[in-house]
Amino acid sequence: MKLIYSLMLVFCGLVSISAQKSYSVEGTVQDFHDKTMLQNAVVNIGGFTAKTDTKGKFILNKIPAGKYTLIAKHPDCNDYTENIEVSQDLQLVIKLEHHSHDIETVTIHGSHKSNGSLIIKTLDRSEIERNSTDNLGNILSKISGVATLKTGNNISKPVIHGLYGSRISILNNGVKLAEQEWGVEHAPNVDINNFQHIDVIKGASALKYGSDAIGGVVVLEPEIFPKKDTIKGSVGLTGISNGRGLGLDVDVAKVWKNGWAVKSRGSVKKLGDQSAPDYNLKNTGMDFSSFNFTVQNNSYEKGISFDYYLTNQNIGILRDSHVSTSGDYDRAMTANPPVYSGKFSYDIDNPRQVVEHHIAKVSAFKRFENIGKLSATYSYQYNHRQEYDIRRGELNDIPSLDLELMTHQFNLNDLLERGKWSLETGIDAGFQNNYSDPATKARRLIPNYDKYSAGAYSVFKYKISSKFNFEAGARYDFTRYDVTKWYDQSDWEKLYADTYPQFYVKKSQNRILTRPQLNYNNVSFNAGLEYRPGSNFDLKFNYAKVGRSPNVAELFSDGLHHSAGVIETGDMALKNEEGHQFNLTVDSKFNVLKGLNISVNPYFFITKNFINQVPVGIKGTIRGVFPEWAYQQIDARMYGVDLDINWKLTDDLTYVGKGSYVHGQDDTNHEPLILMMPPNFSNALQFKKEKWNNFYFTVENQTSLKQTRFPVRNVPLEVYVDGELVDKTIDLSTPPNSYSLWNVQTGINISKNLSAGLIVNNLFNTSYRDYLNRLRFFADEAGRNFILNFRYKF
């Protein structure tokens, strides 16, 4: 009996000792990269479960000793799994990938995480697909404050708050486009179909994109692939009535759950002569093609990607813009219909431009616990631009301008994020070589040059409180031009011989060979504040001290710019632009009917040494008679306001309105600035019924008022009339009248995978001319245009 009691005591003792071998497991759950504590995360260990409190803390008591699988979950995070051994009390720090949900939000809805004081407007994927055959400049004009500077009907580039060209940066998947963007008729070489959403950052508030982007930044963002095993893609087919054109785009992607993805896309577009309401626009056809390829492997912690983009364009220039004599020029400016209107044709004759652009990019990133997300990007771009003029004999088949531009860019960036602050720091470096082929047998408009550039920047953001966010940034840029250029002896001795004797190399007949080497330094900084007292009000203010170095065209242009139809003259003595820019945005929401959103964006820009291009006369050359435009440096100021209204009247009906006004003043010459966007506004009603197979219908009225503020730059011209020489004045100044256009857009899902859409632009076939079209002197804008598109997704 004693033995039984003894065994029972031993057994109970073992049970007691075993029961005592249990421990507590406690700790915190936090964001992997910014260390903020995550509330309501669920931690499970062997069937024991706890939820984190407001400080991200959890505790699990009486966990028996042993080996377990720990699983942590949060609604906005990827699950976290770890094998642990419980042999003592444990203190754990669990780090979750908290922003995977935010990434999907950006991809699907075109919205963004908090951007501090940045002023951003977005075009999402649905808008891009509905306008798949449009070019970048035209589609961006749907955003308030953005206009297009055009050369005819196929060439357009964005104007933001009155600024364009080198003052706006365009980023193609993180690569800053380098494509001879100084030319007013150099359209961006991008295919909008390659991108998931397009962002416009107004003002110089994003120094990481470069200090020269004082007008703003256009960010083209590709798709972020889901992590699952699938094949997806789409085919889009579009018919275009005005120009009797056709567009086709195809893309296919293979995605794997482990983060690998491969995608390829191609598109083509063909247009013949377009037409104004009353006549044909001779030689306004175009051929466009593009191809891109992506292979990548991305996870939250690290990733690597290779991307390649190719675009080819063959664009006709309105025939009437190139003439031979002063009399022809006078007739071209006054003829109605144009002299060369002719019959419809798909032929693209001279004058025209042929542009081929390649981008190859490799990028990688890695997240580190202590230093943040480290990213590196290298890109190579090759841009080949050929411009053909109307020339006699065999010269007609030789380009009058033949430029090859090769650009290398490297960026190293680190983003460190913590609970209330973030610090982004980076360096840029670039090398650019331009070769102007002398085989054109024409004066080289742009000389051969090498460009060296380097920059360093830092952007700090701090969350002062739940209502206030602050940010500040600084950037330094260095630019060096090493140029080889020939000058006429008379021009050299008149303009530069006394100022830059060190650039003289040699003389050959009446030409002077020079080797200018110019260095530029820029320091820029910005500061911004966001005040958000609640979900119905958001105020953003941003100040930036900006600087921009002159581009090579502003410094060295010398001759006929063939596809623009103007003679351009640069000035090697130009200095850095320096300015101060102020932007304010007020977003308000009101509970009126189903919801009213109003956004107002006033801005002010004052600048010293602003580089302005203005007409200064008419010149005759062996190629014909053309207006001369010269680059000049002035003091200037601009201010204006953008307005956006979105009013949901019912569950299915929405009113959308926008308007813009910009006031530009040349303070040096006490006259208005040239080519400022006229006051404009639009009103639209949008009906959308998801139950009716996503049926939508939009009717829009666009109104552009007459620009009443313009400099008078008319030039004298001698013309033979009935055998006698007559003095005339050519009006290169007076803007055209105001105009109002009606547009309609509708679409529906025919089946689960197939959708159709119809756009009618200029519904009533209105005759008008646009002040920001450099060829407005010769012809009206395009008339009514039906665009029918079908898209199949799989």
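Rings of Phe, Tyr and Trp, the last taken by its six-membered ring, are said to pair if their centres lie within 6.5 Å. In this predicted model, ring pairs of that kind link Tyr 487, Trp 492, Tyr 496, Tyr 500 and Phe 503 into a cluster, and by the same rule the count comes to 24 aromatic pairs.

**Aromatic rings and charges**

- The ring centres of Tyr 481 and Tyr 520 are 6.2 Å apart and their planes stand at 75°, which is over the 60 degrees required, so the pair counts as edge-to-face.
- Tyr 487 counts as buried at 5% relative accessibility, and Trp 492 counts as buried at 4%.
- Charged side chains also sit over rings: the charged end of Arg 130 is placed over the ring of Tyr 696, 3.8 Å from its centre, while Lys 373 lies over the face of Phe 365, at 4.6 Å from the ring centre.

**Nonpolar cores**

- The largest nonpolar core has 29 residues, and those with the most contacts inside it are Tyr 329, Met 333, Ile 730, Leu 732 and Phe 778.
- Two or more residues of this core come from each of strand 18 (286-298), helix 5 (326-334) and strand 39 (715-721).
- Met 333, one of the core residues with the most contacts, touches Ile 730, Asp 731, Leu 732, Phe 777 and Phe 778 when residues up to four places away in sequence are not counted.
- Apart from this core lies another, of 26 residues, among them Val 566, Leu 673, Met 676 and Leu 772.
- As general background, nonpolar side chains tend to be buried together in soluble globular proteins.

- An open sheet is formed by 4 strands in the order 3-2-5-6, and their pairing is antiparallel.
- Strand 3 (48-51) and strand 6 (80-86) stand at the edges of this sheet with a single partner strand each, so one side of each is left without a neighbour in the sheet.
- From one strand to the next, the twist averages 20°.
- Inside the sheet, strand 2 (residues 42-45) pairs with strand 5 (residues 66-73) in the antiparallel sense over 4 bridges, and the bridge partner of Asn 44 in strand 5 is Ile 71.

- Strand 13 (residues 197-202) is mostly covered, with 6 of its 6 residues buried.
- In a regular strand the side chains alternate between the two faces of the sheet.
- From strand 13, His 197, Asp 199 and Ile 201 point one way, whereas Ile 198, Val 200 and Lys 202 point the other way, and all of them are buried.
- Strand 8 (residues 119-123) pairs with strand 13 in the antiparallel sense over 5 bridges, and the bridge partner of Ile 120 in strand 13 is Ile 201.
- Strand 13 is also joined by 6 bridges to strand 14 (residues 216-221), the two running antiparallel, and here Ile 198 stands opposite Leu 220 in strand 14.

**Two buried residues and their surroundings**

- Asn 194 is found in the loop between strand 12 (175-176) and strand 13, and with a relative accessible area of 8% Asn 194 is buried.
- Leaving aside neighbours within four places in sequence, Asn 194 is in contact with Pro 222, Arg 265, Asn 292 and Tyr 309.
- Asn 194 and Thr 766 are 572 residues apart in sequence and, from C-alpha to C-alpha, 33 Å apart in space.
- Thr 238 is found in strand 15 (residues 230-240) and is buried, with a relative accessible area of 3%.
- Not counting residues up to four places away in sequence, Thr 238 touches Ser 132, Thr 133, Gly 245, Leu 246, Gly 247, Ile 787, Leu 788 and Asn 789.

Key. Residues numbered from 1 in each chain as written. Predicted model: local features only at pLDDT ≥ 70, side-chain atom pairs only at ≥ 80, totals over all residues. Heavy atoms only, no water. Core = buried A, V, L, I, M, F, W, Y, C linked by side-chain atoms within 4.5 Å. Buried < 20%, exposed > 50% of the residue type's maximum accessible area, 1.4 Å probe, protein only. Contact = heavy atoms within 4.5 Å. Pairing = 2+ DSSP bridges. Axes fitted to C-alpha atoms, helices over the stretch in contact; angles between N-to-C directions. Phe/Tyr/Trp six-rings, centres within 6.5 Å; stacked < 30°, edge-to-face > 60°. Lys NZ or Arg CZ within 6 Å of the ring centre and 35° of its normal.
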